[in-house]
Amino acid sequence: MKERVILINVLKTPINPEHVAMQQEEFEQLVQTAGGEVTETIVQKRDQIDPKTLIGSGKVAEIKQRIAATDSELVIFYQSLSPSQNRNLQDMLDVPVIDRIQLILDIFSMHAKTKEAKLQVALAQKKYLLPRIQGLGTVLSRLGGGIGTRGPGETKLETDRRVIHNEINQIERDLKQVAANRVLNRKKRADSQLFRVGLFGYTNAGKSTIINGLAQADTYEKDELFATLSPLTRTYALDNHFKLSLTDTVGVIQDLPPMLIDAFHSTLEESMAVDLLLVVIDASSPYADRHQQVIDEILDDMAISHIPKCYIYNKMDQVVGMTDLAISQTNGLKISAKNAEDLVRLNAFIVDQIKAQYTLIERSVDAKDIGNWLSFADRVYIDKMAYDETTNRYHIVAYSPNELIHHLLP
């Protein structure tokens, strides 16, 4: 049975209605992803935050009435709660109270499959919950658990704080080793001189569908937030044997807490070690433009503006009444990643970006030398190769990274 949840969102003036609507929709989607059922959403506008309860005693009394009326079992705040606010609210409402950060951590715990993702989630949970141990006793003692109690962060929270600090230190050491292995793997990919493409974008925009369609990656796909957490890199070849490495990274949402970005820093670093960044936007979302703005802000913070960037507007098959979706002022392509013809168009779009970065070479090559060219076919994009029987030569049109040109030309 789904846990019945009341959502609280405290808004400071001035208010952007579109921003608030997007907040509310994502907030509800997070609860649904975690397995809860939203019984009611309460929005409060405040100029000043109440230091004891965030919302003030009058609003607390109102929420307590709504809990009884809707038979709700849990209250979740959009805003981050301090440890004292969390304790005060639970004492006054007589039900467990968590905030959006803990809700997201709960979802991360559900979806963490790899060793690195599990370590990152465990570290974030322990760091977040450590100062809140006393106030979370009600949450952690619920029979059968529930939203906000999943994962590696919950089992020893009632033990000595020193033990938890030791666990945090051990996880950080383990993550350093995993990060070192990831750096080594990135170096190997860079040394291979393959063209590297990174997928980045809002959660649930369809990045996993794209990598599955292009590279037959067989990664997890589901219509929910944060369905995949771990970076996935796959290599695939085009018809002319040119190879690409394609990396899918964890998705983002607006107001992503800094501690969660820190937790997946090494994951986001995968987006920095690419030659082309494909920013995937869910075109069917009424907030597509805002999604793009959020992503651009995060990319600016990551200081990777030097990487060529293109926008892929996905889920066009689900777009209704949005005929003039902005393609921005930069390169962009509208597709449906579940459409085979659109995947062909996407590959052609990527090839155009490769050509723009590589150097054009047009040569007449003696047949005896063609083997050398073919040995680089996985890293040099051979656009045309025509054989002339009368001269026993090949006419080649190719695009090469600069570091390989000297291997091709006499």
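Colleague: Is Ala 386 buried, partly exposed or exposed?

Modeller: Keep in mind that this is a predicted model. Ala 386 is found in strand β12, and its relative accessible area comes out at 42%. Buried would mean under 20% and exposed over 50%. Since 42% falls in between, Ala 386 counts as partly exposed.

Colleague: Which residues is Ala 386 in contact with, leaving aside its neighbours within four places in sequence?

Modeller: Contact here means heavy atoms within 4.5 Å. With the neighbours within four places in sequence left out, the contacts of Ala 386 are Arg 393, Tyr 394 and His 395.

Colleague: And what separates the C-alpha atoms of Ala 386 and Ile 396?

Modeller: Along the chain, these two residues are 10 residues apart.

Colleague: OK, how many bridges pair β12 with β13?

Modeller: Strand β13 covers residues 393-400, and β12 pairs with it in the antiparallel sense. As an example of who faces whom, Lys 384 stands opposite Val 397 in β13. The number of bridges between β12 and β13 is 7.

Colleague: Which strands stand at the edges of the sheet?

Modeller: The sheet is open and has 3 strands, in the order β11-β13-β12, with antiparallel pairing. An edge strand has a single partner, so one of its sides is left without a neighbour in the sheet. From one strand to the next, the twist averages 15°. The edge strands are β11 (359-366) and β12 (381-388).

Colleague: How many residues of each class are in the contact of α2 with α3?

Modeller: On the α2 side, the contact is made by Val 60, Ile 63, Lys 64 and Ile 67, while α3 brings Leu 89, Met 92 and Leu 93. Lys counts as charged. The tally is 6 nonpolar, no polar and 1 charged.

Colleague: What about α8 and α12: how do they lie relative to each other?

Modeller: Helix α8 (residues 207-215) packs against helix α12 (residues 340-357) at an angle of about 85°. The contact is made by Ile 210, Gly 213 and Leu 214 of α8 with Leu 343, Leu 346, Asn 347 and Ile 350 of α12. Angles of 65 to 115 degrees count as roughly perpendicular, so α8 and α12 are roughly perpendicular.

Terms used. Residues numbered from 1 in each chain as written. Predicted model: local features only at pLDDT ≥ 70, side-chain atom pairs only at ≥ 80, totals over all residues. Heavy atoms only, no water. Pairing = 2+ DSSP bridges. Helix = DSSP H or I, 4+ residues; strand = E, 2+ residues; numbered from the N terminus. Axes fitted to C-alpha atoms, helices over the stretch in contact; angles between N-to-C directions. Parallel < 35°, antiparallel > 145°, perpendicular 65-115°, else oblique. Buried < 20%, exposed > 50% of the residue type's maximum accessible area, 1.4 Å probe, protein only.
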